[in-house]
Amino acid sequence: MPRFRRLSALLLILVAGSLVEAGGSRTLVVCNDTTDPVSLDPHREFDASSDNIINQIFDGLVRLTPEGKVAPALAQSWRRLDDMTVEFYLRRNVVFHNGEPFNAQAVRFSLKRQLDPLRPAPNADLLNSIAGVEVVDDYTVRIKTKSKDGVLLNKLPMFVKILPPGYLAQAGEAGFAAHPVGTGPFVFERWVRGDRIDLKANPFYWMAGVPSFERLVFRFVPLQRQTEALLKGELDMVTDLSGLDTLKVASHETTKIVKAKNFYSVSFIFNSRKAPFSDSRLRKAVAMSLDARALIRYGAKGNGVTLNTLTMPGEFGHNPDIPGYPYDVRQARRLLAEAGYSGGLKIKIQVREEIKNFAKIIVAQLAKAGIEADAYVVSQEKQYQEIVLPNLDPSKPPWDGDIVLLHYVDPMAHVYFPYAIFLYSKGAYSLNRDREFDERFLEMTSTADLPAQEKMCRKLEELIWEKCLAFSPLQVIRPFGVNKRVRYTPHITGMLDFRYAAIEEKT
């Protein structure tokens, strides 16, 4: 029997024993979405809802702290050898959930699979600077880049997860997707489609004292039932509570509100590859038609702040000096007339389901400026099919709509992320083709000197504002509905991380 299979059998016995000895289940039940994730294979998905579950099962070489700082994970330390080489010193005595040992070969295998040109991961473009991984010894690797990449360390926490090569070869692609195995704080147990994903604590996790409870369950509950389920005790946490329900949750004897001003915004992405939004005047007309304060008051139920840019304060490279677009319906109408649409403009808007409460308000505001919007709501999987897949596979027809209204969280704590996925012409969600932006974006990315890089980021934001390539009218202050026995501090990036959560014993 191979060594990792013997270890696997031993681990399963020990895990079962540890759960029995604990005497009574301590389980955290979370509702983060209404539908199933796209995939639990880190190399076959690219959406925040899937990532929020994947992050509990898998680790990367480095991680971001709750404050957004790069910290050790499977790599204990690292150093830059030259402009295009970073050497990582790996953590010893770490095993995957099936007992297979973690080592340098697993790192090389994972990155090679993710960047496979025949079947690249959806997020592979964010890592296209990587030329390869050199194994120095079992616990030392060197990541080599094709060119200077000054943002590499910020990319690794979210976009590089380490997989077990032996298990994946044995289970196959379908088997791995059905039963994922990582080194993370929680171990996959089961996936009941349309209902839940069950995880259990990893008793051999490399971070001492983590996790501190036995099970983590992700439930998929319709929006209209989430608050009721929380108050009944069927859920311990609702991660995006409706503003209408905050008072009800705050006043209930078993629940509380935890508010987080993290990197979470509502954003407009223009399809500028074709008319009408290839014309910057029309993009600005849309921006000037929107009253951000009304969106906050009625759409976010007061839980938000206005933004002037695509990015948010606190992200590395955010420019706080951008003046923003004034709410000016008359000027919006003038811009429409200048562009040849004095009789009005008809457009199609795709809206992510989680922020559909903003759609009616936005449609009404646009109508005042003479823009008739047909807004339709999609799930994360439908948006992936309509927007991302055509960007990955040119044989698929491109999306024929005009604006995508979505919410984004920044898992990198760096403006690189929204620029790379929404505006860079090769980005997964990009509907933009602007040569000047691409050139300046690549120049910024290749700059390792942080003060110079920050200056370039701010200049890029000026360009985005001048051309109105995309914008975010508001940043959401995210209200979590939480059972009072749960201790949880939201991550600044907006991503979920339950390694630090705790459940108080019932008295």
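**Exercise 1.** In what order do the four strands of the open sheet stand?

*Solution.* Before starting, note that this is a predicted model, where local features need pLDDT of at least 70, side-chain atom pairs count only at pLDDT 80 or more, and totals for chains, interfaces and linings use all residues. Residues are numbered from 1 along each chain as its sequence is written, and side-chain values use heavy atoms, leaving out hydrogens and water.

Step 1: find the strands (DSSP runs of E, at least two residues, numbered from the N terminus). Step 2: read the order, which is 4-5-7-6, with antiparallel pairing; two strands pair if DSSP finds at least two bridges between them. Step 3: look at the edges. Strand 4 (75–82) and strand 6 (130–137) each have a single partner strand, so one side of each has no neighbour in the sheet.

**Exercise 2.** Find the residue in strand 7 that is the bridge partner of Phe88.

*Solution.* Step 1: take strand 5 (residues 85–90) and strand 7 (residues 140–145), which are joined in the antiparallel sense by five bridges. Step 2: follow Phe88 across to strand 7, where its bridge partner is Val141.

**Exercise 3.** How many disulfides are there?

*Solution.* Step 1: apply the rule, a pair of cysteine sulfur atoms within 2.5 Å. The count is zero. Step 2: check Cys457, whose nearest cysteine sulfur, that of Cys468, lies 20 Å away. Step 3: look at burial (buried means under 20% relative accessible area, exposed over 50%, partly exposed in between, with a 1.4 Å probe and protein chains only). Cys457 is buried at 0% relative accessibility, and Cys468 is buried with a relative accessible area of 0%.
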